[in-house]
Amino acid sequence: MSQPTRRLGAVFVLLALLMIAALSGCQSDTRGASQTPTAASSPGTVGSATPGGTPTVGGTPSPTPIPFTACSGKLPDIVIPDNAVQVGSTAITGATTSCAYRIPQDLKTLDDFFKTQMGKNHWRLLHDNPEGPQGLVQEYFKAQRFATITLTQHESDTQTTDVTISVEASK
C-alpha cells in the first residue's frame, strides 16, 4: 500500500474515532427512566402562542392561567379542562366545526364545568338533556352560532368522560 493511501486511511480512522467519542454522550435512556424537564423561559416571563401556533416568550405574568380552548383553538370561546386529550383531529365541514375529547373526570363534574365556562363566555344554555343513564347533551346559542356538547361516560371507566363538541354557524 502506498504512503498517501495509508495516511488517508489513518485520517478516516481518526475522524471515525472522534465522531464516536463525540456522539457517545448523546445516548438516550430507553429503560423507561424519567427525565426532569427544563424550563423554556426564565422565571417571571410568560410563554404564549401566536394564532399560528408559534410560541413566544415575554410580557407580564398573568394572575390566571390561559385557558385551553376547544378544537385546537378553532373555538376560542369554548373552554375545555386542561387535562382533556383530543381524540382524532378537528373537523371543519361547511359551517360546522367539531372535535372529540377524552377527559379523566366524571360526567357530573364535566356537566357543571361546561355550564359554568359556557356561561362565563356568554353562551346561553338552550337545553340540557339526559341521553340515557350515562350521557348528557347540552345545547347553547351565541351570536348566530349553535354549540352542542355531548358528554358520555366512558365505557369501562366511570371517572372518564368522552366529550364531543360541535359548533355550527348560521348566517
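Colleague: Is K115 buried, exposed or partly exposed?

Modeller: K115 counts as partly exposed, at 31% relative accessibility; buried means under 20% relative accessible area, exposed over 50%, and partly exposed in between, with a 1.4 Å probe and protein chains only. This is a predicted model, where local features need pLDDT of at least 70, side-chain atom pairs count only at pLDDT 80 or more, and totals for chains, interfaces and linings use all residues. Residues are numbered from 1 along each chain as its sequence is written, and side-chain values use heavy atoms, with hydrogens and water left out.

Colleague: Which residue forms a salt bridge with K115?

Modeller: D111, with the closest N and O atoms 3.3 Å apart. A salt bridge here is a side-chain nitrogen of Lys or Arg within 4 Å of a carboxyl oxygen of Asp or Glu. Both residues lie in helix 2 (residues 107-120), four residues apart, about one turn of the helix. Helices (H or I, at least four residues) and strands (E, at least two) are DSSP runs, numbered from the N terminus.

Colleague: And D111, buried or exposed?

Modeller: D111 counts as buried, at 5% relative accessibility.

Colleague: How many salt bridges does the structure hold?

Modeller: Six. One of them pairs D77 with K142 at 3.0 Å, N to O. D77 is in strand 4 (residues 75-80) and K142 in strand 8, 65 residues apart, so this pair links distant parts of the chain.

Colleague: What about strand 8, which way does it run against strand 7?

Modeller: Antiparallel, with six bridges joining strand 7 (residues 124-130) to strand 8 (residues 135-142); two strands pair if DSSP finds at least two bridges between them. N129 stands opposite V137 there.
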